[in-house]
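Subject: Structure for you to look at

Hello,

Here is the structure I said I would pass on. Please open it alongside this note; my findings follow below.

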Amino acid sequence: MITLLYLVFIIFFLASSNYKKSYLRKAADVREEAMISIIIPAKDEEENIEAIIESTLNQNYPKDRYEIIVVNDRSKDRTRELAEKFTA
């Protein structure tokens, strides 16, 4: 009886493992094709905005498949000036 349960467990584990691999492969294919927008809200983020944008640019996602939108909420510091350094 224990051997039978163990066998069922192994079969279930292997089946779910193959399903996960198949699912991850499909997810990776979709990821490569999807165009995404990354929205960064910012207000008085002079100390952080460069690091945030650089971190976003260093993602493993294809650079031609995403855009970064920085929304400056009337900052009173140099947030806008620092963010504009990254514009093309």
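Which elements each supply at least two residues of the lining of the largest pocket? They are α2 (49–57), β2 (66–72) and α3 (79–84). Before going further: this is a predicted model.

The pocket

The largest pocket has a volume of about 310 Å³. Its lining takes in 15 residues. Nearest the centre lie I68, V70, A83, F86 and T87. Strand β2 gives the most to this lining, namely six residues.

F9 sits in helix α1, which covers residues 2–33. Is F9 buried or exposed? Its relative accessible area is 51%. The cut-off for exposed is over 50%, so F9 counts as exposed.

Two loop residues deserve a look at the backbone.

- D44 is not a glycine, yet its phi is positive, at about 55 degrees. You will find D44 in the loop between β1 (36–42) and α2. D44 has a relative accessible area of 38%. Buried would need under 20% and exposed over 50%, so D44 is partly exposed.
- R74 is not a glycine either, and has a positive phi of about 50 degrees. R74 lies in the loop between β2 and α3. What is the relative accessibility of R74? The value is 67%, so R74 counts as exposed.

L57 and E67

L57 belongs to helix α2. With a relative accessibility of 29%, L57 counts as partly exposed. How far apart in space are L57 and E67? From C-alpha to C-alpha the distance is 9.6 Å. Along the sequence, L57 and E67 are ten residues apart.

Where to start

I would begin with the pocket of about 310 Å³ and its central residues, including I68 and V70.

Best wishes

Conventions. Residues numbered from 1 in each chain as written. Predicted model: local features only at pLDDT ≥ 70, side-chain atom pairs only at ≥ 80, totals over all residues. Heavy atoms only, no water. Helix = DSSP H or I, 4+ residues; strand = E, 2+ residues; numbered from the N terminus. Buried < 20%, exposed > 50% of the residue type's maximum accessible area, 1.4 Å probe, protein only. 1 Å grid on protein atoms, 1.4 Å probe; cavity = no way out; pocket = protein on both sides within 12 Å on 5 of 7 lines; lining within 4 Å. Points joined across faces, edges and corners; volume = space filled by probe spheres on them.
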